Amino acid sequence: MKIGIIGAGNIGHTVAKLFVEAGHEVALSNSRGPESLKDIVAELGPTAHADTVDNAAAFGEVILLAVPWNSPEALPHSDLVANKIVIDAMNPYGPNGQVLDLGDSTSSEETAKRLPDARLVKAFNTIWFKHLAEQGDISKPEAQRRAIFVASDDAGAKAIVSDLIREIGFAPVYTGSLHEGGRKQQPDTPMYGKDLTAEEAQQALSSL
Ligand SMILES: NC(=O)c1ccc[n+]([C@@H]2O[C@H](COP(=O)([O-])OP(=O)(O)OC[C@H]3O[C@@H](n4cnc5c(N)ncnc54)[C@H](OP(=O)(O)O)[C@@H]3O)[C@@H](O)[C@H]2O)c1
């Protein structure tokens, strides 16, 4: 599968490496331009390349958003992700690291307003990048793997992202719609940053 990665920092770089290792082609992008990603691309090998944000979005059948949520200018042009699966790994932190109060909304619902025709899935936002790099284990049965929470209003997009999560050794655990599930995945919630197996995560969700 072709995957466009928007943001090549802690999360973008880590996910790119895991997807390359799982046999996918990735295009990485950042704010400074492809030249600044030369070393990362060399490390990832021939199935990775660097490009501009818009070109990485155009390349991807699936696009990962791994830029600061509070910088909407970092996102690709919305036409380039129309009808494509977009994984939102972003969290709504403000300029001083504070969690922003979005009222009745959630950060991925706000992302959906910015990219209205994208098939949005909120995932990878609750796991610290070092755990993401180290804790995947495809040899384990799914119930014993570390959970990665997934929220979406699009069943088909959710299924494809869930398979990508399985391929890199984690277990997708569905929390609900972007509104209900997205809220359970926000910073300062019981699920956020928790190192739970899929089995433990399902139990924790059922007691919420
Ligand atoms: N760190 C974690 O463990 C973690 C875990 C889960 C979710 N997240 C979420 O993932 C997102 C990224 O976090 P991170 O820790 O990976 O951040 P990071 O290491 O600071 O990387 C941010 C990336 O976004 C790019 N970027 C910033 N502004 C941009 C712009 N205007 N246009 C294009 N690219 C831009 C940066 O490019 P340049 O370097 O060229 O500026 C960089 O590649 C955040 O929303 C965060 O809440 C982080």
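Predicted model: local features only at pLDDT ≥ 70, side-chain atom pairs only at ≥ 80, totals over all residues.

Visitor: Fine. What does UniProt list for residues 2-92?

Guide: An unreviewed UniProt entry lists that span as "domain: Pyrroline-5-carboxylate reductase catalytic N-terminal". In the model, residues 2-92 are 29% helix and 23% strand.

Visitor: Now the ligand. How many residues surround it, and which are the closest?

Guide: The ligand is surrounded by 24 residues. Ala-8, Ser-31, Arg-32, Val-67 and Phe-129 are the closest.

Visitor: What does the side chain of Arg-32 do there?

Guide: An N or O atom in the Arg-32 side chain is 2.7 Å from an oxygen atom of the ligand. Phe-129 uses its backbone instead: an N or O atom there lies 2.8 Å from a ligand oxygen. Gly-9 also has a backbone N or O atom placed 3.3 Å from an oxygen of the ligand.

Visitor: Change of topic. Which residues touch the most other members in the largest nonpolar core?

Guide: Val-26, Leu-28, Phe-124 and Leu-132 do, in a core of 35 residues. Helix H1, residues 10-21, gives the most to this core, with 6 residues.

Visitor: And what is Leu-132 in contact with, sequence neighbours aside?

Guide: Beyond four places in sequence, Leu-132 contacts Ile-11, Thr-14, Val-15, Leu-18, Phe-124, Ile-127, Ile-148 and Phe-170. There is also a second, separate core of 17 residues, with Ile-6, Val-53, Trp-69 and Ala-118 among them.

Visitor: On to helix H4. Which of its residues are buried?

Guide: H4 runs over residues 107-114, and Ser-107, Ser-108 and Thr-111 are buried in it. Looking down the H4 axis, the buried residues fall within an arc of 90 degrees, so they line one face of the helix.

Visitor: What covers them?

Guide: The cover over the buried residues of H4 includes strands S4 (62-65), S5 (85-88) and S6 (119-123).

Visitor: One more. Where does Ser-105 lie?

Guide: Ser-105 is in the loop between S5 and H4.

Visitor: Why does Ser-105 count as buried?

Guide: Because its relative accessibility is 14%, and buried means under 20%. Leaving out residues up to four places away in sequence, Ser-105 touches Glu-110, Lys-113, Arg-183 and Gln-186.

Notes:
Residues numbered from 1 in each chain as written. Heavy atoms only, no water. UniProt positions renumbered as here; feature names shortened; annotations may be inferred. Helix = DSSP H or I, 4+ residues; strand = E, 2+ residues; numbered from the N terminus. Buried < 20%, exposed > 50% of the residue type's maximum accessible area, 1.4 Å probe, protein only. Arc of directions from axis to C-beta. Contact = heavy atoms within 4.5 Å. Core = buried A, V, L, I, M, F, W, Y, C linked by side-chain atoms within 4.5 Å. Near = heavy atom within 4 Å. Polar contact = N/O pair within 3.5 Å; in protein donor to acceptor, adjacent residues only side chain to side chain.
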